[in-house]
Amino acid sequence: MDRWRGRVALVTGASVGIGAAVAVELVRHGMKVVGCARDVAKIQKLAAECQSAGHPGVLVPFKCDLTKEEEILSMFAAIKEQQKGVDVCINNAGLGHPERLLNGKTGSWKNIIDVNVLALSICTREAYQSMKERNVDDGHIININSICGHQVIPFADLHFYTATKYAVTALTEGLRQELRAENTHIRATSISPGLVATEFISRASSNNPDQVAGIYAAYKSLQAKDLASAVTYVLSAPPHVQIGELLLEAIQEAAFVAPATPGPGLSSH
């Protein structure tokens, strides 16, 4: 990670869970990290903790509603003015709503697409343009995907979410192909975790708290810090190495028994 010391990273959805863990880990490795979210107060607290811990990097909180393109563009303009531009873009922000295909609310579906697909694509485009205009040829765009981007779990609450994660898989591969056509060494990676111990399942499913607790009791889950380690692993790869896809799952115990509610044990973020 030494070559990234002093470089600028954008982490979306940096207020909690995976995004917060990734942001702090990059700061610990000496990067200047712009962490964005709607709830910027949580990122401000993280920034203060990083400073108190004496981490060599810095966390810059930025309030941004990723469902609004004008706010994304304003954020990139501010990054250009204050930090010169983005060298690493971590598209971490993602959400789900328990809206099934047979009776789901259109507004909720649009919200999922706005964050999981459109915001990711806009940030990717703007990050690439930032790199290109500064002749940055070693940048990296990392999409935090999901195992749901590779298989359809029999859990109706997540079916629409799953479609957006399949889109992330296609978008990452399409990006890699376009970068290659541009003869650039900028890399693109999809990181697809299984169940992670975050607030995601509580928000994305119609399960009550006891059911959610049952899922986590039955399935061994990854921790947010595991995803942070995966990000630094990908960034640490030699410049000539392209890690296109990285799938992560927790190793289940030998006596593992699946709970009555299937599926969420394999969903992530």
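Predicted model: local features only at pLDDT ≥ 70, side-chain atom pairs only at ≥ 80, totals over all residues.
User: How many helices and strands does the chain have?
Analyst: Helices (H or I, at least four residues) and strands (E, at least two) are DSSP runs, numbered from the N terminus. On that basis the chain has 8 helices and 7 strands.

User: What is the radius of gyration of the chain, and why does it agree with a compact globule?
Analyst: The radius of gyration is taken over C-alpha atoms, and the globule rule is 2.2 Å times the number of residues to the power 0.38. The C-alpha atoms fill a box of roughly 50 × 40 × 35 Å along the principal axes. For 269 residues the rule gives a radius near 18 Å, which agrees with the value for the chain, 18 Å.

User: What percentage of the residues in the chain are buried?
Analyst: Buried means under 20% relative accessible area, exposed over 50%, and partly exposed in between (1.4 Å probe, protein chains only). Of the 269 residues in the chain, the buried share is 52%.

User: Among contacts between residues at least 6 apart in sequence, what percentage join residues at least 24 apart?
Analyst: A contact means heavy atoms within 4.5 Å. Among contacts between residues at least 6 apart in sequence, the share joining residues at least 24 apart is 76%.

User: How far apart are the centres of the positive and negative side chains?
Analyst: Lys and Arg count as positive and Asp and Glu as negative; His and the chain ends are not counted. Each charge is placed at NZ of Lys, CZ of Arg, CG of Asp or CD of Glu. With 25 positive and 26 negative side chains, the two centres are separated by 3 Å.

User: Which elements cover the buried residues of H8?
Analyst: Helix H8 runs over residues 224-236, and its buried residues include Ala224, Leu227, Val231 and Leu235. The cover over the buried residues of H8 includes helix H1 (17-28) and strands E4 (88-91), E5 (140-144), E6 (187-193) and E7 (245-248).

User: What distance separates the end C-alpha atoms of H5, and why does it agree with the helix length?
Analyst: The expected span of a helix is 1.5 Å times one less than its number of residues. The buried residues of H5 include Phe160, Val168 and Leu179. Because the 23 residues of H5 should span 33 Å, the model agrees with an end-to-end distance of 33 Å.

User: What is the phi of Lys84?
Analyst: Lys84 sits in the loop between helix H3 (69-83) and E4. Lys84 is exposed, with a relative accessible area of 61%. Although Lys84 is not a glycine, its phi is positive, at about 80°.

User: Is Ala23 buried or exposed?
Analyst: Ala23 is part of helix H1. Beyond residues up to four places away in sequence, Ala23 touches Val11, Ala14, Val33 and Leu59. Its relative accessible area is 0%, so Ala23 is buried.

User: Which residues is Pro239 in contact with, leaving aside its neighbours within four places in sequence?
Analyst: Pro239 lies in the loop between H8 and E7 and counts as exposed at 53% relative accessibility. Leaving aside neighbours within four places in sequence, the contacts of Pro239 are Arg3 and Arg187.

User: What is the relative accessibility of Glu245?
Analyst: Glu245 belongs to strand E7. Leaving aside neighbours within four places in sequence, Glu245 contacts His150, Ser190, Ile191 and Ser192. Glu245 counts as partly exposed, with a relative accessibility of 29%.

Methods. Residues numbered from 1 in each chain as written. Heavy atoms only, no water.
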